[in-house]
Amino acid sequence: METRANYLMIGGFILGALALIFIFVFWVANIAGGGNRYQIVFDSSVAGLTTGSRVGFNGIKVGEVQSFALDPQDARKVRVVISVSDNTPIREDSLATIKSMGLAGGSGVEISPGSPDSPLLVATDEHPIPTIEAAPMAGAGIFDAAPAALNTANAFIKRLDALIAANEQEINNTMKNVDEFTSMLEGKNQEIEQAIVDLRSGAEDFKQISAKLDKNLDELTLEAKKGMQDFSAAMQQARQTAATMDRVLKKFEANPASFLFGGSRQGNVQRR
């Protein structure tokens with residue numbers, strides 16, 4: 001009977017220890033190490049993320065990645081569960097993105113603060129683990145984009161090579177023409193220099209001719225102005241002469257004898 005009692009005590013101790021271990025693991029997973037849990041659904045690869053990867057909020061570490069799972073409805077999507085500290089103000093319009101931690105630092109999740117007016121993202125009975133929206137192209141980190149960039153560069157180089165090969169003869173002819181033109185210019189250096197000197201000389205002559213034309217034009221303008229003044233004076237003199245002639249003619253028409261012989265001749269005729 002005493003041996004059986006010992007077995008019961010040992011069995012009870014083991015069961016109690018297992019219960020404590022289970023409680024401890026549950027506490028670590030859901031309370032001590034978890035804080036609040038959120039889910040993020042990325043539309044593309046999450047390469048670089050691992051369990052325990054850093055979760056940042058506005059540049060500050062607030063938690064870590066807990067688990068991964070493929071979306072059962074669409075295998076292209078990856079569901080990532082993260083845990084963050086309780087006081088992290090994640091809002092309904094906060095966005096999650098995968099951020100590279102450097103060449104040797106792997107990747108982490110970065111969460112944007114969202115707008116201050118947006119409600120806080122909290123768990124509900126229908127969604128016990130709230131979902132943070134993933135930013136567009138959030139899963140396309142630098143390591144994912146590098147192969148695509150290399151493929152694009154490779155395709156460009158191939159097209160450029162094919163274009164050069166297809167126009168190789170024309171390119172050679174063009175280069176030959178350029179070389180001949182350059183050689184011709186080198187052989188015509190003296191002529192080109194002389195042409196430049198002549199061009200400068202012609203420009204100087206043209207400048208002097210323009211100055212003379214301006215001077216002559218001013219003189220012509222002054223002479224024309226003086227001629228107009230003389231013409232105006234002559235016209236005024238002609239008008240005065242015409243007025244005088246008009247008065248003479250009127251006197252002659254009124255009394256030709258008096259005009260021709262004077263007033264004494266008229267008096268002598270009346271006395272006879």
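Ser-94 sits in the loop between strand 4 and strand 5, where strands (E, at least two residues) and helices (H or I, at least four residues) are DSSP runs numbered from the N terminus. In this predicted model, local features need pLDDT of at least 70 and side-chain atom pairs count only at pLDDT 80 or more, whereas totals for chains, interfaces and linings use all residues. Residues are numbered from 1 along each chain as its sequence is written, and side-chain values use heavy atoms, with hydrogens and water left out.

Ser-94 is buried, with a relative accessible area of 1%; buried means under 20% relative accessible area, exposed over 50%, and partly exposed in between, with a 1.4 Å probe and protein chains only. Its side chain reaches the backbone nitrogen of Arg-91 at 3.0 Å and the backbone oxygen of Ser-112 at 3.0 Å. Leaving aside neighbours within four places in sequence, Ser-94 is in contact (heavy atoms within 4.5 Å) with Ile-111, Ser-112, Pro-113, Gly-114, Ile-132 and Glu-133.

When neighbours within four places in sequence are set aside, Ser-118 is in contact with Arg-91, Glu-92 and Asp-93.

## Pairing of strand 5

Strand 5 pairs with strand 6 in the antiparallel sense over five bridges, and with strand 7 in the parallel sense over two bridges; two strands pair if DSSP finds at least two bridges between them. On the strand 6 side, the bridge partner of Thr-97 is Glu-110, while Leu-95 stands opposite Glu-133 in strand 7.

## The nonpolar core

The largest nonpolar core has 20 residues, and those with the most contacts inside it are Val-55, Ile-82, Ile-90, Val-109, Ile-111 and Ile-132; such a core is a set of buried Ala, Val, Leu, Ile, Met, Phe, Trp, Tyr and Cys residues joined through side-chain atoms within 4.5 Å. Two or more residues come from each of strand 1 (36-42), strand 2 (54-57), strand 3 (60-70), strand 4 (78-84), strand 5 (95-100) and strand 6 (107-111), and the largest share, four residues, is that of strand 4.

Not counting residues up to four places away in sequence, Val-109 touches Ile-40, Leu-49, Arg-54, Val-55, Gly-56, Val-65, Ala-96 and Thr-97.

## The whole chain and model confidence

The protein has six helices and seven strands, which follow the pattern α-β-β-β-β-β-β-β-α-α-α-α-α along the sequence. Of its 272 residues, 15% count as buried, and among contacts with a separation of 6 or more, 61% join residues 24 or more positions apart.

The average pLDDT (the predictor's confidence in each residue, from 0 to 100) is 81, and 84% of the residues score at least 70. Over residues 266-272 pLDDT stays under 50, and the model has two contacts beyond four places in sequence for this stretch.

Key:
A polar contact is a pair of N or O atoms within 3.5 Å; within protein, one must be able to donate a hydrogen and the other to accept it, and residues adjacent in sequence count only if both atoms are side-chain atoms.
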